[in-house]
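Open the model in your viewer and keep the selection panel at hand. The stops below say what to select next and what is there.

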Amino acid sequence: MASTQAAAAGTQAPTKNPTLLAWVARMAEMTQPDSIVWCDGSEDEKKRLTDQAVKEGILIPLNQEKRPGCYLHRSNPNDVARVEHLTFICTPNKTDAGPTNNWMEPEEAYTKLGQHFTGSMKGRTMYVVPYAMGPIGSPFTKIGVELTDSVYVVLNMRIMARMGKQALDMLGDSDDFNRGLHSTGDVNPDRRYICHFPQDNTIWSFGSGYGGNVLLGKKCLALRIGSYVGREEGWLAEHMLILGVTSPKGETTYVAAAFPSACGKTNFAMMIPPAEYKGWKIETVGDDIAWMRPGPDGRLYAINPEAGYFGVVPGTNYKTNPNAMETIAKDTLFTNVALTPDGDVWWEGKDGEVPEELTDWQGRPWKKGSAEKAAHPNSRFTAPMSNNPVLSSKANDPMGVPISALIFGGRRSTTVPLVLQAFNWTHGVFLGATMGSETTAAATGKVGVVRRDPMAMLPFCGYHMGDYLQHWLDMQKSIGQLPKIFQVNWFRQDKNGKFLWPGFGENMRVLEWVVNRVHGRVPTKETLLGWVPRQDEGLNLKGLDLPADMVAEATSIKEDEWKTELKSQEVFFEQLGTKAPEALMLQRKLLISRLGG
Ligand SMILES: Nc1nc2c(ncn2[C@@H]2O[C@H](COP(=O)(O)OP(=O)(O)OP(=O)(O)O)[C@@H](O)[C@H]2O)c(=O)[nH]1
Ligand SMILES: O=C([O-])CC(=O)C(=O)O
Ligand SMILES: [Mn+2]
């Protein structure tokens, strides 16, 4: 520890953890920051960093009467979403990363990124951000430390995770923490890499300042590294919301649901049931990620490892998601939305009139009727979950909540019916494994193309997808009381591209059916795809102003569409080669024979 950086890492450090100190010193030697700041997560620190970010133009204060504690950030226009083609799993063997991940040999990755990181923090501050994914003291919880030269990242991490002293205290002298290194660099997409080293519990992210690329606790640790660790330790790290639904009789059922990015997790997790559901209550445990493990009573318990929401802004309004609107009314960071003349934020799909004039997400003047969107389609809010009016009292429970139903859902304009129930766990894993979804603005690339997205984990699985599916199959041996598995699709469209199902709060009707099935209360109809609601004693459609033929269309199963679907599934399974689990291949054969061969 000869260098000044190394010395600086030690002198002010609020810890004596030798492994942590040595690692911070090593990373500082490489990146050469002017100073090192250990974050404690305090209010004072928040104020200091916020003031600094405002002074540097990183944050724009919003109208504090309308949105107290809220700020706008504009990211580089070349840096507005996760970059899957620049995201790598760095395992010693390529096969361990599997065919669905980009792979780089670990030494090559360390060397390549090391060159970019060398001196990358010159003239800048390195922030040491200790954080806990999961409630402090929970047996589910994992500790990470992110080193970053971005104040924006620090302020976001502070909302998204339990950050600072509490995490450092929980870590103590242990060397069991995720080592995250992030530098914004010169935000050049040609020098942008998000690399995961599962064997080293390490993440190196260079050249981006946006969301899932840089808030390393989220997709990088909680999902990519998490899924890898989960397989070794016998649990599941999933891209799932968690909600509790309580009936008027006071019976609470916990449900976890996997939908791909920008396909409705946050909305479903905060849903307000329609008027017909007086006395029903939906409460949010989590909106994006679930860590699930068998509990002592044999049930599957889930926690939300996060402490905040990094949510899609466009389309959010008092009709679609009133709880989200309340959540983002204060203490929220907005990224890439538009600015109104009176210092409030605006986005496509917000309530009320479209303003005559705005400043768009890139800071340019914008006029009503402009062909370009004022807010970026993947603009986001970062808000503390404690702002959520329907936050579950179990959201901080170290033991998590017992899950009774798992739901898989994609964005499909055709083919996939509104809801069905799997015949059993293996068939449910097959439904999850064969999920497809039309791509969205949450990742760079073309929007609206169907791609296979098993369990909504295609961009987030930290190891071989075939092994991942096998892990799901194997989990049934360690779960005494298996959750029931369902598939949903809120996004089916008619010939004119109109959604057939009203969605949002009305999804309560589907959720009620799921809850009734979990408790064995309603009969079903068997179809070739699974069990579906019956015409009588099926979905509650009371008070729903929807033509019967639209419901019929939303729930229809068309054999010709399924023949096409099976081909697309085949291409996916072929990619997995010998690692395609046999039990799923059998499910596939059974479905083909049900379809008449
Ligand atoms: N038609 C329809 N659209 C929906 C529904 N639920 C959500 N959406 C829209 O889908 C988009 C994404 O919704 P979110 O709830 O933010 O999706 P998410 O899965 O949380 O997204 P990530 O944060 O990227 O993981 C928004 O534009 C919503 O308005 C629904 O039930 N029906
Ligand atoms: O990770 C991000 O940047 C945003 C997000 O939640 C997702 O894409 O699923
Ligand atoms: Mn979300």
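A nonpolar core, as the term is used here, is a set of buried Ala, Val, Leu, Ile, Met, Phe, Trp, Tyr and Cys residues joined through C-beta atoms within 7 Å. The model on screen is a predicted one.

**Stop 1: the core**

Select A256, A302 and A338. In the largest nonpolar core, which has 175 residues, these three touch the most other members. Next select helix 6, residues 151-160; with 8 residues, this helix gives the most to the core.

Go back to A302 and show its surroundings. Which residues does A302 touch, leaving out those up to four places away in sequence? The contacts are I242, A256, A290, W291, M292, G400, V401 and I403.

**Stop 2: the domains**

Colour the chain by domain. Domain 1 covers 4-57 + 82-234, domain 2 covers 237-305 + 391-594, and domain 3 covers 309-387. Between the C-alpha centres of domain 2 and domain 3 the distance is 29 Å. Their contact involves 11 residues of domain 2 and 12 residues of domain 3. On the domain 2 side, the touching residues comprise 8 nonpolar, 2 polar and 1 charged.

**Stop 3: ligand 2**

Select ligand 2 and the residues around it: R82, G211, G212, K218, K219, S261, D288, F310 and A442. By class, this shell consists of 4 charged, 3 polar and 2 nonpolar residues. Helix 8 (211-214) and helix 9 (217-233) each contribute at least two residues to it.

**Stop 4: two positive phi angles**

Select Q32, in the loop that runs between helix 2 (18-31) and strand 1 (35-38). Its phi is near 55°, a positive value in a residue other than glycine.

Finish at A456, in the loop between strand 28 (450-452) and helix 13 (465-475). Phi is positive at A456 too, near 60°, and this residue is likewise other than glycine. A456 counts as buried because it has 23 C-beta neighbours inside 10 Å.

Technical notes. Residues are numbered from 1 along each chain as its sequence is written. Chains are lettered from A and ligands numbered from 1 in the order in which they are written. This is a predicted model: local features need pLDDT of at least 70, side-chain atom pairs count only at pLDDT 80 or more; totals for chains, interfaces and linings use all residues. A residue is near a molecule or strand if its C-beta atom, placed from the backbone, lies within 6 Å of it. Helices (H or I, at least four residues) and strands (E, at least two) are DSSP runs, numbered from the N terminus. Ala, Val, Leu, Ile, Met, Phe, Trp, Tyr, Cys and Pro count as nonpolar, Asp, Glu, Lys and Arg as charged, and the others, Gly among them, as polar. A residue is buried if 20 or more other C-beta atoms lie within 10 Å of its own, exposed if 12 or fewer, and partly exposed in between; C-beta atoms are placed from the backbone. Two residues are in contact if their C-beta atoms, placed from the backbone, lie within 7 Å. Domain bounds come from an automatic or database domain assignment.
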